[in-house]
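Dear colleague,

Please find below the structure that I am handing over to you. I would be grateful if you would read the notes after it with the model open.

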Amino acid sequence: MSEANFETLPEQGHNKRISEFQRFLRVMFSRWVVIFGTIVIISDVLGAIFAPQLAPYDPNKISLREMIQPPSAKHILGTDEMGRDVLSRIIYGSRIAVTVGLVVVTIAGIIGMFLGLIAGYFEGWIGTIIMRFMDALMSLPPLVLMLAIAVMLGGGLLKVYVALGIGFMPTYCRLMCGEILSVKENDYIMAAKVIGASHVRVMFRHLVPNTFPPLFVIITLDLGFAILAEASLSFLGIGINPPTATWGAMINSGQQYLLTNPLLSIVPGVAIVLLVLAFNLVGDGLRDALDPRLRGRI
Amino acid sequence: MAHLLEVKNLQVTFDTMSGLVKAVDGVSFTIDKGEIIGLVGESGCGKSVSQMAITQLIAIPPGKIVSGEVIFEGQDLLKYHPDSNMMRDVRGGQIGMIFQEPMTSFNPVFTIGEQIMESLRLHLKLSRPAAKKRAIELLEEVGIPDASVRINHYPHQFSGGMRQRAMIAMALSCSPKLVIADEPTTALDVTTQAQVLDVMMKMVENYHNALIIVTHNLGIVARHAQRINVMYAGRIVETGPSEAVFLNPGHPYTIALLKSVPRLDENRGRQLIPISGVPPNLINMMPTCSFKPRCPMANGCHNQSSPELRPVGKNHFVSCHLDVNGEDCGTISQ
Amino acid sequence: MASFLLRRVIQTIVVVFLVTIISFLLLHIIPGDPVIRILGMHATKDQIAQLRHELGLDLPIIQQYIQWIWNIFHGDFGKSFVYHENVRSLIFERFPVTLYLVSVSLILSTIIGIIAGVSSAVKRGGAIDSIISLLANTGVAIPTFWLAIVGVYIFGLKLGWLPIQGYTSPFVDFGQSVKQMIMPVFATAVPNIAIVARQTRSSMLETIRQDYVRTAKSKGLRQRIVLYKHALRNALIPVVTLVGMTLTFLIGGEVLVETICNIPGVGRLLIRAALDKDYLIVQGGVLIIGTAICIINLLVDITYGWIDPRIRYK
């Protein structure tokens with residue numbers, strides 16, 4: 001048998017894994033919208049971290065002489081009803097926005113996935129109860145549910161996080177449960193069990209990693225939606241207490257001054273839209289890049 | 001006499017993330033009225049793609065029919081736009097297709113009857129009642145019991161074999177001049193395979209359609225086909241009357257294929273010899289013979305070009321530089 | 001179909017049951033003593049004891065729940081602390097208004113969303129697709145309340161075309177009613193259109209890849225028929241199930257918009273109650289809204305069963 005033509009053999013082993021990641025990156029960033037989204041997210045995160053350096057003024061500095069001023073050289077976006085600089089408040093607001101997403105997704109993800117794991121793996125009674133409970137949670141409009149919980153628990157940042165966490169939990173539970181149910185039937189699980197792998201080992205080594213691709217997509221999207229949810233709550237005055245600057249509360253207080261300085265309400269909204277949009281675009285990019293069927297583009 | 005279908009130098013490529021795949025690289029064959037030919041090759045050799053290109057069913061990005069002619073009843077189909085009236089007339093009306101996956105080839109939300117009638121009403125312009133009657137007849141012809149009841153059933157209510165029979169009925173419903181069956185029995189279990197194949201051959205006999213059977217199963221074509229085309233890496237490497245190809249294969253690939261398949265009439269205990277190596281990557285094709293890496297005669301072959309088809313018998317052509325004894329035939333370089 | 005229906009009905013009952021538990025528990029997650037929260041620090045011991053008894057909080061929890069459910073079934077949702085009226089009548093008075101707005105928004109946004117999603121999928125990769133996709137992505141990112149405010153600003157204050165708030169029943173003054181409704185419906189519908197469009201698009205793209213679409217083409221059907229008869233019907237199946245989810249989303253947006261546009265619906269009531277610590281209204285509202293959504297989801301699933309024959313015959 002003559003020498004095989006090595007150029008035509010498929011890539012093997014180590015090389016293959018590196019190029020897999022490279023290919024993933026290439027697909028992800030082949031679309032300009034994903035690049036745009038990533039830039040926005042990074043900007044917001046940097047803005048949050050370096051807020052003290054970037055903001056021209058102290059966001060909480062009240063100046064009664066300078067109330068409700070339209071944009072000027074001194075205050076690029078004007079001032080709000082307490083004379084505080086709007087631009088600084090927007091920059092500081094990104095802190096809340098960025099952290100809310102992370103905290104809420106972490107809480108929702110951990111609890112939700114844990115419950116989903118149990119429901120999916122053990123099925124039976126406990127599985128049904130958990131899933132129906134999630135159904136019940138999902139039957140309530142997320143806003144109403146989170147509103148109710150936040151109100152009952154009382155105000156404060158932490159309580160808001162918990163309320164939001166509970167509201168976002170069902171998706172993760174469902175995802176985990178669904179993945180486990182479908183993967184459970186696969187032969188390699190059977191194989192692992194046959195060689196004597198314990199329940200826990202099977203769950204963690206085989207089932208959990210399989211859920212990662214859709215999980216990453218959902219997390220990215222939820223990072224954005226958590227921002228929307230928190231903004232809705234703080235718009236209503238529930239949750240984060242003044243004078244902390246959050247974009248939602250700023251929209252609320254700006255309502256009365258639409259005729260004098262509409263930017264008070266409009267700009268925070270734009271900030272929200274941009275950041276949430278960014279998460280959506282990146283999430284979509286992730287989804288396309290992780291979709292095995294799109295890999296060969298055939 | 002002019003051929004019913006003449007494919008000349010068909011080239012189809014696919015644009016992928018890893019590069020340009022030459023799925024079909026210069027395929028030519030003919031088929032006459034009422035003739036049955038087999039197109040044989042392993043997965044990925046381009047046989048399905050070449051057939052889909054005939055009716056322009058290839059997804060245009062990422063696919064592309066680069067060049068070639070598909071002359072059906074004197075007209076080059078490739079000159080027509082895929083959505084043109086001409087092509088739509090031909091599809092279903094003149095050329096019927098049977099696909100591999102009976103489980104997913106029917107639309108789950110419409111009854112089998114509706115889907116067969118759709119064809120009849122489109123091409124034969126039948127009225128609803130006439131189409132229904134004809135559809136029931138067709139189902140009976142393919143051996144589906146209780147046809148008048150089952151015509152109102154949905155695809156998921158049919159078994160795999162039944163669905164494939166219905167697919168055959170649908171493909172033949174408008175009495176097309178040519179039927180292309182792309183791996184018609186591959187997805188079925190062995191017993192059903194035989195039954196469905198019989199049904200298909202019977203129908204084709206009754207309706208005098210020309211038939212192209214695309215398959216990787218030599219057994220199917222051995223029995224029914226009059227001519228065999230063997231494909232490898234996007235090209236036809238051997239073509240000839242089926243007896244000649246089976247009894248006197250000329251191409252090393254065909255020889256190897258036959259050696260790797262058990263036969264009822266040989267001694268038990270003969271070792272089945274698989275073909276070593278892997279199918280070639282169709283992206284960066286070398287200008288040399290595509291089978292060379294796996295060819296048992298490669299050591300004696302010094303020709304660096306890609307071989308052309310040369311005659312080895314009556315109507316029997318092989319694309320190999322060497323003859324069956326390993327002697328160089330001095331083929332013309334490409 | 002019958003077994004499918006039965007299963008779904010039982011499932012709905014179980015879920016509604018769990019919704020009641022969730023609503024019930026709401027009062028019990030209040031840290032500290034809810035009674036003192038409600039009455040304030042200056043309440044007398046007698047007042048506290050009386051309210052506690054009224055709310056049934058002096059009973060063991062299971063019994064409380066049973067009592068509460070019993071009351072609910074008899075239409076007794078308790079009395080509002082702020083309005084001193086029956087919670088039930090307060091909610092049900094405002095229900096039709098919210099229902100009306102939500103329905104209009106739902107129907108409009110679903111139709112527009114489907115059209116957008118299908119156009120986008122069919123002309124995949126083209127200019128229309130890129131524009132619609134980007135708009136859809138943006139639409140989901142827009143907070144409903146902000147959109148309402150921006151709308152009020154542009155169309156109400158600056159241009160003066162539309163009234164900025166208020167509600168008139170369509171039976172009283174149809175023209176005025178429509179004018180007042182445009183803003184709230186627009187604000188709630190936009191994110192929903194985006195969601196529906198995205199789902200329809202991806203569902204349609206998925207469906208177009210299916211084998212049976214290739215079969216339809218191989219029969220020589222026109223492209224238009226292949227898409228709108230064979231592909232669309234299948235593609236819409238997941239979109240129909242989406243309607244249930246979009247409903248919850250819509251109601252959430254609706255609740256906020258009612259506050260901004262001063263519409264006397266359940267949403268505005270609920271939010272005022274939440275801020276006033278009028279807990280019984282919040283509890284009742286959650287229960288009623290949750291139950292309503294469960295029932296609507298059941299209806300949606302039944303429709304789904306009617307559309308997809310595979311479910312019917314399982």
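This is a predicted model: local features need pLDDT of at least 70, side-chain atom pairs count only at pLDDT 80 or more; totals for chains, interfaces and linings use all residues.

Residues are numbered from 1 along each chain as its sequence is written, and chains are lettered from A and ligands numbered from 1 in the order in which they are written.

Chain C

Chain C has 13 helices and zero strands; helices (H or I, at least four residues) and strands (E, at least two) are DSSP runs, numbered from the N terminus. Its C-alpha atoms fill a box of roughly 85 × 55 × 35 Å along the principal axes. Of its 314 residues, 44% count as buried. A residue is buried if 20 or more other C-beta atoms lie within 10 Å of its own, exposed if 12 or fewer, and partly exposed in between, with C-beta atoms placed from the backbone. Among the contacts in chain C with a separation of 6 or more, 72% are between residues 24 or more positions apart; two residues are in contact if their C-beta atoms, placed from the backbone, lie within 7 Å.

Chain A with chain C

This contact takes 40 residues from chain A and 38 residues from chain C. On the side of chain A, the elements that give two or more residues are helices H5 (124–139), H6 (142–153), H10 (212–235) and H12. H12(A) gives the most, with 10 residues. The side of chain A divides into 28 nonpolar, nine polar and three charged residues. Here Ala, Val, Leu, Ile, Met, Phe, Trp, Tyr, Cys and Pro count as nonpolar, Asp, Glu, Lys and Arg as charged, and the others, Gly among them, as polar.

Helix H12 (residues 263–290) of chain A packs on helix H7 (residues 144–158) of chain C at an angle of about 140°, with the axes 10 Å apart. Axes are lines fitted to C-alpha atoms, for helices over the stretch in contact, and angles run from 0 to 180 degrees between N-to-C directions. H12(A) and H7(C) are therefore oblique to each other (angles under 35 degrees count as roughly parallel, over 145 as roughly antiparallel, 65 to 115 as roughly perpendicular and the rest as oblique). Ser265(A), Ile266(A), Gly269(A) and Ile272(A) meet Trp146(C), Ile149(C) and Val150(C) there.

Chain C with chain B

In this contact, 20 residues of chain C meet 24 residues of chain B. Helices H9 (211–218), H10 (223–260) and H13 (309–312) of chain C each give two or more residues, and H9(C) has the largest share, seven residues. The side of chain C comprises five nonpolar, seven polar and eight charged residues.

Chain B

An open sheet of four strands has the order S2-S1-S4-S5 in chain B, with antiparallel pairing; two strands pair if DSSP finds at least two bridges between them. S2 (19–31) and S5 (75–76) of chain B stand at the edges with a single partner strand each, so one side of each is left without a neighbour in the sheet. Strand S1 (residues 5–16) of chain B is joined to S2(B) by 10 bridges.

Leu258(B) lies in helix H11 (residues 252–259) of chain B. Leu258(B) is partly exposed, with 16 other C-beta atoms within 10 Å.

Yours sincerely
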